[in-house]
Amino acid sequence: MPFVESGDVGTTRRRPLSPRRRLQVWEKTGGVCVLCARRIDGVRERWIVEHIRALELGGADDLSNLGPAHEACALAKTKEDHRRAAQAKRQKVRHIGADAPKRPLPFGKASRWKRTLSGRSCRASEGHGSRNAARGDGWRR
Ligand SMILES: [Zn+2]
């Protein structure tokens, strides 16, 4: 399990949209969907303000990054953005080395081996002082 919260990969805060801002977004493309490039029928079709580069992928929450989009187009894009954001998060966790180590430290808590007080090594599952613990298991330094 990674030890990093997954919400912290450069996400931008989302501001609420005023009707004025929604109109600005509409006017920016003249009512053309930024995803499929077809005209949106503002009366009969539902449309939303789309973040061209998703907030969760580091896009800005301002007019330069906004455009009108069919609701159906936006749903498909959001799904893809979530997939890419999840991938970016996994990559970051690996990059900073925050994921669980693949090899446990020798004789660490996650190791299958432990060292007894007398200096012998044995399987972690075995009790203290079992004499034959390190025999026949193939493990030698
Ligand atoms: Zn569209």
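Student: Which residues does Arg-53 touch, not counting residues up to four places away in sequence?

Tutor: Arg-53 touches Gly-58, Gly-59 and Asn-65. Two residues are in contact if their C-beta atoms, placed from the backbone, lie within 7 Å. Two remarks on the source belong here. Residues are numbered from 1 along each chain as its sequence is written. The model is predicted: local features need pLDDT of at least 70, side-chain atom pairs count only at pLDDT 80 or more, and totals for chains, interfaces and linings use all residues.

Student: Why is Arg-53 called partly exposed?

Tutor: A residue is buried if 20 or more other C-beta atoms lie within 10 Å of its own, exposed if 12 or fewer, and partly exposed in between; the C-beta atoms are placed from the backbone. Arg-53 has 13 other C-beta atoms within 10 Å, and therefore it is partly exposed. Its place is in the loop between E1 and E2. The C-alpha atoms of Arg-53 and Ser-64, 11 residues apart along the chain, are separated by 10.0 Å.

Student: What are the helices and strands of the chain, and how many are there?

Tutor: The chain has 2 helices and 4 strands. Helices (H or I, at least four residues) and strands (E, at least two) are DSSP runs, numbered from the N terminus. Along the sequence they follow the pattern α-β-β-α-β-β.

Student: What makes E1 and E2 a pair?

Tutor: Two strands pair if DSSP finds at least two bridges between them. Strand E1 (residues 47-51) and E2 have 5 bridges in the antiparallel sense, and Trp-47 stands opposite His-70 in E2. In E2 (residues 66-70), 4 of the 5 residues are buried, so that this strand is mostly covered.

Student: Which residues form the largest nonpolar core?

Tutor: There are 7 of them: Cys-33, Val-34, Ile-40, Trp-47, Ala-69, Cys-73 and Ala-74. A nonpolar core is a set of buried Ala, Val, Leu, Ile, Met, Phe, Trp, Tyr and Cys residues joined through C-beta atoms within 7 Å. One of the core residues, Ala-69, touches Cys-33, Val-34, Leu-35, Trp-47, Ile-48, Glu-50 and Ala-74, not counting residues up to four places away in sequence. Over the whole chain of 141 residues, buried residues make up 11%.

Student: How do you know that the span of H2 agrees with its number of residues?

Tutor: The expected span of a helix is 1.5 Å times one less than its number of residues. The 25 residues of H2 should therefore span 36 Å, and the end C-alpha atoms are 35 Å apart, which agrees. H2 is followed by Gly-97, whose phi is positive, near 70°.

Student: Are Leu-75 and Lys-89 buried, partly exposed or exposed, and why?

Tutor: Leu-75 has 11 other C-beta atoms within 10 Å and is therefore exposed. Lys-89 has 18 C-beta neighbours inside 10 Å, so it counts as partly exposed. Leu-75 lies in helix H2, and Lys-89 also lies in helix H2. From C-alpha to C-alpha, Leu-75 and Ile-48 are 10.0 Å apart in space and 27 residues apart in sequence. For Lys-89 and Leu-57 the corresponding values are 9.8 Å and 32 residues.

Student: Why does Phe-107 count as exposed?

Tutor: Phe-107 has 12 C-beta neighbours inside 10 Å, so it counts as exposed. It lies in the loop between helix H2 (71-95) and strand E3 (113-115). Phe-107 has a positive phi of about 65° although it is not a glycine. Ala-37, in the loop between helix H1 (19-29) and E1, has a positive phi near 65° and is likewise a residue other than glycine. With 9 C-beta neighbours inside 10 Å, Ala-37 counts as exposed.

Student: Where in the chain is confidence lowest, and where is it highest?

Tutor: The lowest is in E3, at a mean of 86, and the highest is in E2, at 94. The quantity is pLDDT, the predictor's confidence in each residue, from 0 to 100. Over residues 4-8 the pLDDT is below 50, and beyond near neighbours in sequence this stretch has 3 contacts in the model. The chain averages a pLDDT of 81, and 79% of the residues score at least 70.
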